[in-house]
Every structure is written in structure tokens, then in C-alpha cells.
Amino acid sequence: RGENGQGEEAEREITRVVAAKPTDSKLLMRAGDFFFKEKPAQAADYYKRSLEADPKNNRARVQLGASLVRSMQIDAAMPILTDAIRREPDNYAAHASLATALFKQRQYPEAAREFIWIIKVRPDVAASYYFLAISFDHLGDCEQASRAYQDFVRRADPASNKSEIEEANARLGQLQRLIKERKCVQPGKKGR
């Protein structure tokens, strides 16, 4: 879209079309999708309007929450994502955005719970193990952090995750030392 200078023209066209049909939920969703990656705050506005036009549209709710997380409006995103999950408990995108929001808010027990759910649904997504490991690490649960870091290193792509793999391996060494020295929190049975 931004190639060949057509991005601005496309944005003007979207604004014009939406102005002509300001309550068309599907059109507002498409406008939100257009802006989602590069202008998440603007996308959030379109998703919010789409949801107002069609309050039963859970995809609009999930995308609104995700856009708010992407634009660092975490407090506003949390109740929207929680509502989306209440309406559709198996919505992966809603859980992924909520996990990210909780992690950014440093709510590590809740973030860990969400990352565990995500891993059960899609065990092939390496990044989930990384953020689960960091969550457990912040909670002082060395053993579960260690397992999650190991799972991440095993699944991660060495080319695109080089620095994260290096960090995970370094932290694994530190965690093993803490475990041997019995300097870790001894949490209740929080298995995954």
C-alpha cells in the first residue's frame, strides 16, 4: 500500500468511502484492517466504530483490543479483550493480544496463564515460550522458567531469533546456578 506513493491516496479514498457510509460495519472493519499494522491507533478508531455499528461483531472487538495493545493503550485494551474471550473462549487472537497486554503491564502470573493457553493451542509458536519463560523468571519460578527457555531455544529459528536465543541461553546458565544454590522461589504446583 505505501509503495509507489499510493498509500496516501488509498488513505484519502478510505476516508471518503467511510464518510459516505459511516455506519457500515463491514466497511469500517476493512478500513481498520488497512491501518492495523502501520497506524494501529487509527485502526482502533475504525474497529470501535464498526463495533458500535454491530455490537455482536466479536472480530471487531478482538481487532479493537489488538489495535489498542499495538498503540500502547493497554488499560483500554484489557476489558475489551477480556470481553472478547468471554464471548468466544477459544479465540486465539484475543488470547494472544491479552497475553501481550498482561505482559506489558507486568502482570506476570496472568500473562503466564495466557501464554500457557496459547502454547496448548499452538505449540509451534516459539515466541510464546520466550515470553512464558520471562514471566516465570519474573515470578522467581526458576524451574518453569528454565523449561520454557529450553523449549524456546529448541523451537526458535536461529537466524531470526539470534539475540533472543543468546539471551535465553545466558539466562538458562544463571537459572541452573540459582536452582543448584536453592535460591529460587518454591511456588505451589503450577505445572504446565
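**Notebook: a look through the helices**

I started with Ser-67, which I found in helix H4 (residues 58-70). Helices here are DSSP runs of H or I with at least four residues, and strands are E runs of at least two, numbered from the N terminus. I was working with a predicted model, where local features need pLDDT of at least 70, side-chain atom pairs count only at pLDDT 80 or more, and totals for chains, interfaces and linings use all residues. Residues are numbered from 1 along each chain as its sequence is written, and side-chain values use heavy atoms, with hydrogens and water left out.

**Ser-67, continued.** Is Ser-67 buried or exposed? I noted it as buried, because its relative accessibility is 0% (buried is under 20% relative accessible area, exposed over 50%, partly exposed in between, with a 1.4 Å probe and protein chains only). Beyond its neighbours within four places in sequence, Ser-67 is in contact with Phe-36, Pro-40, Ala-43, Ala-44 and Tyr-47 (contact means heavy atoms within 4.5 Å).

**Confidence.** I looked up pLDDT, the predictor's confidence in each residue, from 0 to 100. The chain averages 92, and 94% of the residues score at least 70. Over residues 188-192 pLDDT stays under 50, and the model has 11 contacts beyond four places in sequence for them. A reminder to myself: where pLDDT is low, the predicted coordinates should not be read in detail.

**Aromatic rings.** Rings of Phe, Tyr and Trp (its six-membered ring) pair if their centres lie within 6.5 Å; planes under 30 degrees apart are stacked, over 60 edge-to-face, and the rest tilted. How many aromatic pairs does this rule give? I got nine.

Phe-35 and Tyr-46 are a stacked pair, 5.6 Å centre to centre with 5° between the planes. This pair links distant parts of the chain, as Phe-35 is in helix H2 (residues 25-35) and Tyr-46 in helix H3 (residues 40-53), 11 residues apart. Phe-35 is buried at 0% relative accessibility, and Tyr-46 is buried with a relative accessible area of 6%.

Next I checked Phe-103 and Phe-131: their ring centres are 5.1 Å apart and their planes at 80°, so I wrote down edge-to-face. Phe-103 lies in helix H6 and Phe-131 in helix H8 (residues 126-138), so the pair ties together parts 28 residues apart in sequence. Phe-103 is buried at 17%, whereas Phe-131 is partly exposed at 31% relative accessibility. I also found both in one aromatic cluster with Tyr-108, Phe-115, Tyr-130 and Phe-152.
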